[in-house]
Amino acid sequence: MSAPAPVTPADLPVTVSFTRRADPAHAREMTAWIRAGLSMAESFPGFLGGGWVRPRGDADEWHMLCRFADQRSLAVWDSSSERQWWLRSGQGLAEVTRTERRTGIEGWFDAPVAAGVSGPAARPAPPRWKQATTIWLVFFPLNLLATVTLGRLLEGVPVALRVAVVTLALTPIMTYALLPWITARLDWWLQGRRFRDR
């Protein structure tokens, strides 16, 4: 059996992050220009996806990401006549302020750099008191059950270890089962709708 071929940095996916500055008065033109560039990139082999984050209020920086399967795919896009035309069409509209390339998976997990994202508007978060009430509605009975069952089993265990075991057991149950279940049932209330409109 032969050993797998080593993966070189040139074979890893690469994410290009770039920031452009544009006059806030030209937000519609900037949006159309970015969409045109992403649409062209989609037709190139190795293009894995892309997106952009628009500025908040009157900020003038736009942050964009494009991801390619490897360095070769990115180089083909970089040197293409389509991309050169697209860049020329943005002259006078957008100014490049920063470009960064990252290989591997970490390129998708950088901290957010702006507040607004293009696309459908996100629903506003429910008031904190409703969030706290919803969590309590499942946390109280689950904690009571754990205290009666696990608490008795771990009676002679030091308190710090006992709390660690109980919280390690309850956290995944809360996160993956009970909180999604309760929020789905109380969505109407959390979003301020009447019960009959749920």
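Ser73 is buried, at a relative accessible area of 12% (buried means under 20%, exposed over 50% and partly exposed in between, with a 1.4 Å probe and protein chains only). The residue belongs to helix α2. Helices (H or I, at least four residues) and strands (E, at least two) are DSSP runs, numbered from the N terminus. Beyond neighbours within four places in sequence, Ser73 contacts Pro45, Gly46 and Phe68 (contact means heavy atoms within 4.5 Å).

The model is predicted, so local features need pLDDT of at least 70 and side-chain atom pairs count only at pLDDT 80 or more, while totals for chains, interfaces and linings use all residues. Residues are numbered from 1 along each chain as its sequence is written, and side-chain values use heavy atoms, with hydrogens and water left out.

The protein chain has six helices and five strands. Their order along the sequence is β-α-β-β-α-α-β-β-α-α-α. Of the 198 residues, 27% are buried. Among contacts with a separation of 6 or more, 75% join residues 24 or more positions apart.

Trp77 also lies in helix α2, which spans residues 71-78. Its relative accessible area is 5%, so Trp77 is buried. Its contacts, leaving aside residues within four places, are Gly37, Met40, Ala41, Phe44, Phe68 and Arg83. Trp77 and Ser43 are 34 residues apart in sequence, and their C-alpha atoms are 9.8 Å apart.

The second largest pocket has a volume of about 230 Å³. Val16, Phe18, Arg20, Trp77 and Arg83 are the closest to its centre among 20 lining residues. Elements giving two or more residues to this lining are β1, α1 (27-42), β2 (47-54), β3 (61-68), α2, α3 (81-89) and β4 (94-103). Helix α1 gives the most, with four residues. The lining has 13 nonpolar, three polar and four charged residues. Pockets were found on a 1 Å grid over the protein atoms alone, as open sets of points where a 1.4 Å probe fits, with protein on both sides within 12 Å along at least five of seven lines; lining residues have an atom within 4 Å of a point. Grid points are joined across faces, edges and corners, and the volume is the space filled by probe spheres set on them. Ala, Val, Leu, Ile, Met, Phe, Trp, Tyr, Cys and Pro count as nonpolar, Asp, Glu, Lys and Arg as charged, and the others, Gly among them, as polar.

Side chains of opposite charge can pair when their charged atoms come close. A salt bridge is a side-chain nitrogen of Lys or Arg within 4 Å of a carboxyl oxygen of Asp or Glu. The count comes to four salt bridges. Glu61 and Arg21 form one, at 3.0 Å from N to O. Glu61 lies in strand β3 and Arg21 in strand β1, so the pair ties together parts 40 residues apart in sequence. Glu61 is partly exposed, at 27%, and Arg21 is partly exposed, at 32%. Arg21, Asp60 and Glu61 are linked in a network of salt bridges. Arg83 pairs with Asp78 at 3.5 Å, N to O, and both residues are buried. Asp70 pairs with Arg72 at 3.7 Å.

Arg20, in strand β1 (residues 14-22), is buried yet has no salt bridge. The nearest side chain of opposite charge, Asp78, is 8.5 Å away (Lys and Arg count as positive, Asp and Glu as negative; His and the chain ends are not counted).
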